[in-house]
Amino acid sequence: MILVVCIVRCFVLLVSCSLSGATVNFTLSHQHSNPEAVVQEVQRRILAATSKVELKEQQSCNTGNPIDDCWQCDPNWGNNRQRLADCAIGFGQGAIGGKGGQIYLVTDSSDNDVADPKAGTLRFAAIQGDPLWIIFSTNMQIKLSHELIVSSFKTIDGRGANVYITGKGCITIQDVSNVIIHNIHVHNCVPSGSADIRLNPAQVEHKGKSDGDGISISGSRNIWVDHCAVSHCTDGLVDVTLGSTAITISNNYFSHHDKVMLLGHSDKYMPDKGMQVTIAFNHFGVQLVQRMPRCRHGYFHLVNNDYTEWQMYAIGGSADPTIISQGNRYTAPNDASSKQVTKRLDTDEGDWAGWDWRSDGDLMVNGAYFVPSGQGLNNLYTKDSGAEPKSAAMIDRLTSAAGVLGGPRDNGDHISHDGGTNSDENGSGGGVTFGSGDGMSFGSAGMDFGRGDPPPSPTTGIFLSILIFVTLEMITRNGAVLPVEVL
């Protein structure tokens with residue numbers, strides 16, 4: 001039994017070392033082995049799309065935006081909605097959402113029972129085990145009672161309607177894979193209290209307080225957020241943390257917020273070294289302050305975005321992230337102290353001088369300037385021939401449709417708000433007809449949840465350590481070894 005105790009103690013030491021990051025390989029299972037190749041492929045896609053426009057080739061519907069041109073030129077796109085799943089670019093290109101699954105029509109805007117959601121509601125559809133492509137019967141505002149849990153292989157597709165999601169918690173994508181969020185207004189999201197929430201048809205779990213993010217992505221992979229308008233939330237508009245990777249955030253309109261986008265959980269959370277995110281064709285607009293994004297550890301490609309306003313900085317980082325900025329337009333504020341695009345946070349220059357931060361083909365307006373470092377300082381970035389970043393002069397065309405298609409781009413134009421967080425936690429969606437009705441549904445209880453073996457939660461190691469220490473206490477209670485029968 002003394003040998004057993006020694007073995008257990010050695011195991012505890014091994015777990016402790018693992019949690020400290022001393023000997024662990026933090027490669028995530030779905031991070032790309034050659035991120036530079038992904039950057040080059042994005043540029044090739046953009047070059048091909050913009051060349052058609054410049055040469056006035058093919059359909060007049062071409063915009064030069066490779067994502068939009070992939071599906072918008074089909075006049076019957078409404079009958080082939082799942083074509084969208086083939087249109088992502090960058091690290092989240094593999095996100096298929098609910099492709100191959102049935103179409104689910106949301107007809108009821110209510111969210112009255114989070115433990116037993118009603119058929120026909122968005123919450124009911126989002127937790128089903130089978131792949132689903134979720135659409136909406138009419139314009140509606142969905143006031144969430146608690147965070148909306150989205151399971152694996154789901155697409156929430158708001159095309160054809162103006163759909164506003166607001167209220168408590170908003171959209172949570174946690175420990176899942178293959179989720180697409182498309183053409184949705186997300187606004188005035190506030191923290192939710194603890195509650196028993198259904199995660200899938202067979203499981204209800206007690207969830208603690210949420211942060212009030214617009215869209216929270218944690219421990220997940222193959223995620224694509226496209227053509228959303230996100231504003232006025234308590235915490236971040238979009239936060240990506242806890243070992244998430246293979247993510248694209250594109251064609252969105254961000255406004256009216258302080259801390260816009262966090263990519264990376266903390267400086268000490270080493271699995272985020274495998275985080276890879278593409279940020280493309282977004283509009284960063286009215287009354288934004290900072291974090292567009294704020295990066296930690298991983299590899300981040302920012303391409304052809306339009307930065308029209310920031311008050312502190314646009315792009316920040318710590319813990320040695322790689323940041324590739326290509327063909328973006330940065331328009332600095334009039335405040336002379338806030339002209340710098342970049343900010344290294346909580347780090348001395350001697351430490352960040354080697355970080356790989358590159359600016360390639362960016363357009364600096366009104367005195368904006370980008371401080372490169374590492375390879376970016378010496379312009380050593382190896383470009384693939386024919387795949388240089390598209391001129392930032394194309395920004396107006398590439399980002400002209402950023403935000404929700406067919407609806408107001410800027411939530412602030414349609415929400416009564418005085419900045420920061422709305423005192424009315426549910427907000428409002430002016431000018432929208434809210435739909436409700438009897439639900440159409442399919443799927444059945446007992447379906448599998450969370451396919452794709454997502455990265456483990458960081459709480460797993462902590463729980464394991466506590467369990468081991470409790471076992472040790474039982475084994476060696478009062479200095480005596482318990483009989484085997486008791487153990």
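A: The link of Cys 61 and Cys 73 is right-handed, with 125° about the S-S bond. Its sulfurs sit 1.9 Å apart; a disulfide here is a pair of cysteine sulfur atoms within 2.5 Å. Cys 61 is in the loop between α2 (35–54) and α3 (66–71) and Cys 73 in the loop between α3 and β1 (102–106), so the pair ties together parts 12 residues apart in sequence. (Helices are DSSP runs of H or I, at least four residues, and strands runs of E, at least two, numbered from the N terminus.) Cys 61 is partly exposed at 28% relative accessible area, while Cys 73 is buried at 18% (buried is under 20%, exposed over 50%, partly exposed in between, with a 1.4 Å probe and protein chains only).

A quick word on the model: it's predicted, with local features needing pLDDT of at least 70 and side-chain atom pairs pLDDT 80 or more, while totals for chains, interfaces and linings use all residues. Residues are numbered from 1 along each chain as its sequence is written, and side-chain values use heavy atoms, leaving out hydrogens and water.

Next, Cys 70 bonds to Cys 87, S to S 2.1 Å. The torsion is about -70°, so this disulfide is left-handed. Cys 70 belongs to helix α3 and Cys 87 to the loop between α3 and β1, 17 residues apart. Cys 87 is buried at 0%.

Then there's Cys 170 with Cys 189, S to S 1.9 Å. That torsion is about -85°, so the link is left-handed. Put together, the three disulfides follow the pattern 1-3, 2-4, 5-6, counting bonded cysteines along the chain.
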